[in-house]
Amino acid sequence: MTSAPASRPRVLVTRAIFPEVIDQLAEHVDVEANPDDQLWSRDELIRRAQGKQGLLTTGGERVDAALLAACPDLRICANMAVGYNNFDVPAMTAAGVLATNAPGVLTDTTADFGFALMMAAARRVTESEHWLRAGQWDRWRYDLFAGSDIHGTTLGIIGMGRIGQGIARRGTHGFGMQVIYHNRSRLPAEDEAAVGATYVSKQALLQSADHVVLVVPYTPESHHTIGAAELALMKPTATLTNIARGGIVDDVALARALSEGRIAAAGLDVFEGEPKVHPDLLACRNVVLTPHIASASVPTRLAMARLAADNLAGFLTTGQPLTPINPEVLGKG
Ligand code: GLV
């Protein structure tokens with residue numbers, strides 16, 4: 001008597017991703033993909049996740065106790081993002097479901113973009129382009145869109161993980177900036193020396209930085225890290241750049257500070273309630289707005305998708321994920 005072939009694990013890929021990564025995944029597991037990038041309702045997502053052992057999520061899908069209870073076959077959720085505030089990790093751990101994210105592969109691309117946004121805000125790139133496209137350029141002027149410098153100024157970084165350190169390196173070694181940072185925990189002295197950054201309090205950072213960049217994960221503690229009180233501490237010539245998550249900045253308070261000239265300019269890649277953007281921000285000229293694309297170079301997005309797929313396939317076929325968030329789940333069950 002021959003035994004029936006073991007059935008392959010089933011996974012759901014919740015959003016459209018690179019077809020070659022779906023093909024790679026399909027070599028190891030049975031895949032239900034979403035090539036048309038339908039935006040499923042939560043009920044539809046749960047319905048499709050039922051009977052699957054793995055989910056490949058992209059950062060916007062909430063995985064919480066209710067979803068886990070409705071999907072008892074689930075063993076892993078692999079996020080194609082370094083941030084994982086869409087995961088209720090304690091609930092996943094309690095349910096014995098592994099969570100993975102995509103750290104490392106996007107560090108330099110995202111740090112590059114932080115600089116791009118900061119420089120665009122400081123040098124008024126998009127504001128001046130809109131004005132030019134509107135046909136308003138008729139002469140040279142000594143103060144036409146004069147902004148603030150990047151080189152030689154003070155860069156304040158809030159959050160000093162991999163991406164924060166990438167921004168610090170660029171500031172120190174690329175632009176001769178004085179780099180100060182604030183973080184929940186201070187870096188070891190050799191890491192501070194390598195990136196040329198000095199630890200200061202949040203208040204000192206806000207008061208002395210010419211350019212503030214936010215790279216903290218979104219948690220209940222980091223909600224509104226920057227609100228009206230913090231904006232009031234900043235220099236009127238300063239810029240604020242957020243490449244972390246919406247909700248870390250109070251968008252209404254920021255729009256007010258920008259329109260009143262409390263700070264000079266901002267660069268925002270992430271928003272409270274995105275993809276909606278608060279109308280008060282849309283009305284501000286002195287803010288550069290981009291649609292959550294800090295990691296979006298083609299090679300980096302491909303590397304993120306491959307890492308998520310490798311986490312899924314690795315865990316479901318050999319029990320070996322690459323970048324677990326809750327490794328305590330491994331080896332159980
Ligand atoms: C993008 O926002 C990410 O967390 O990777």
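Student: Where is the place of Asp-210?

Tutor: This is a predicted model. In it, Asp-210 sits in the loop between helix H9 (202-208) and strand E9 (211-214).

Student: Is Asp-210 buried or exposed?

Tutor: Read the relative accessible area against the cut-off: buried means under 20%. Asp-210 has 18% relative accessibility, so it counts as buried.

Student: How far is Asp-210 from Gly-96, in sequence and in space?

Tutor: They are 114 residues apart in sequence. C-alpha to C-alpha, the distance is 46 Å.

Student: Where is Met-177, and is it buried or exposed?

Tutor: Met-177 is in the loop between helix H7 (162-175) and strand E7 (178-182). Its relative accessible area is 5%, so Met-177 is buried. From Ala-255 it is 78 residues away in sequence and 27 Å away in space, C-alpha to C-alpha.

Student: Now the ligand. Which residues surround the ligand?

Tutor: The shell holds Ala-81, Val-82, Gly-83, Leu-106, Arg-245, His-292 and Met-304. By class, that gives four nonpolar, two polar and one charged residues.

Student: Which atoms lie 2.8 Å, 2.7 Å and 2.6 Å from an oxygen atom of the ligand?

Tutor: For a polar contact, look for N or O atoms within 3.5 Å. Val-82 uses the backbone: one of its N or O atoms is 2.8 Å from a ligand oxygen. Arg-245 brings a polar side-chain atom to 2.7 Å from an oxygen atom of the ligand. His-292 has a side-chain N or O atom at 2.6 Å from a ligand oxygen. The protein covers 85% of the 190 Å² of accessible area that the ligand has on its own.

Student: How do I read the two faces of a strand?

Tutor: In a regular strand, side chains alternate between the two faces of the sheet. Take strand E4 (residues 76-79). Ile-76 and Ala-78 lie on one side, Cys-77 and Asn-79 on the other, and all are buried. Both faces of E4 are therefore covered, with buried meaning under 20% relative accessible area.

Student: How many bridges join strand E3 to E4?

Tutor: Four bridges join E3 (residues 54-57) to E4, and the two run parallel. Leu-56 has Ala-78 in E4 as its bridge partner.

Student: How many bridges join E4 to strand E5?

Tutor: Three bridges join E4 to E5 (residues 98-100), again in a parallel run. Cys-77 stands opposite Ala-99 in E5. Here the chain crosses through helix H4 (residues 89-94), and this β-α-β crossover is right-handed.

Student: What does the side chain of Thr-107 reach?

Tutor: It reaches the backbone oxygen of Gly-104, at 3.1 Å. Thr-107 lies in helix H5 (residues 107-122). Its relative accessible area is 9%, so Thr-107 is buried.

Student: Next, backbone angles. Which residues join through a cis peptide bond?

Tutor: Check omega. Glu-274 and Pro-275 are joined by a cis peptide bond, with omega about 15°. Pro-275 is in the loop between strand E11 (265-268) and helix H12 (279-282).

Student: What is the phi of Asp-37, and of Arg-124?

Tutor: Asp-37 has a positive phi of about 55°, although it is not a glycine. Asp-37 lies in the loop between strand E2 (30-32) and helix H2 (42-49). At 30% relative accessible area, Asp-37 is partly exposed. Arg-124 is not a glycine either, yet has a positive phi of about 60°. Its place is the loop between H5 and helix H6 (125-133). At 24% relative accessibility, Arg-124 counts as partly exposed.

How values were computed: Residues are numbered from 1 along each chain as its sequence is written. This is a predicted model: local features need pLDDT of at least 70, side-chain atom pairs count only at pLDDT 80 or more; totals for chains, interfaces and linings use all residues. Side-chain values use heavy atoms; hydrogens and water are left out. A residue is near a molecule or strand if one of its heavy atoms lies within 4 Å of it. A polar contact is a pair of N or O atoms within 3.5 Å; within protein, one must be able to donate a hydrogen and the other to accept it, and residues adjacent in sequence count only if both atoms are side-chain atoms. Accessible areas come from the Shrake-Rupley method with a 1.4 Å probe; for residues, only the protein chains shown count as cover. Ala, Val, Leu, Ile, Met, Phe, Trp, Tyr, Cys and Pro count as nonpolar, Asp, Glu, Lys and Arg as charged, and the others, Gly among them, as polar. Buried means under 20% relative accessible area, exposed over 50%, partly exposed in between (1.4 Å probe, protein chains only). Two strands pair if DSSP finds at least two bridges between them. A crossover is right-handed if, with the strands pointing away from the viewer, the path from the first strand over the helix to the second runs clockwise.
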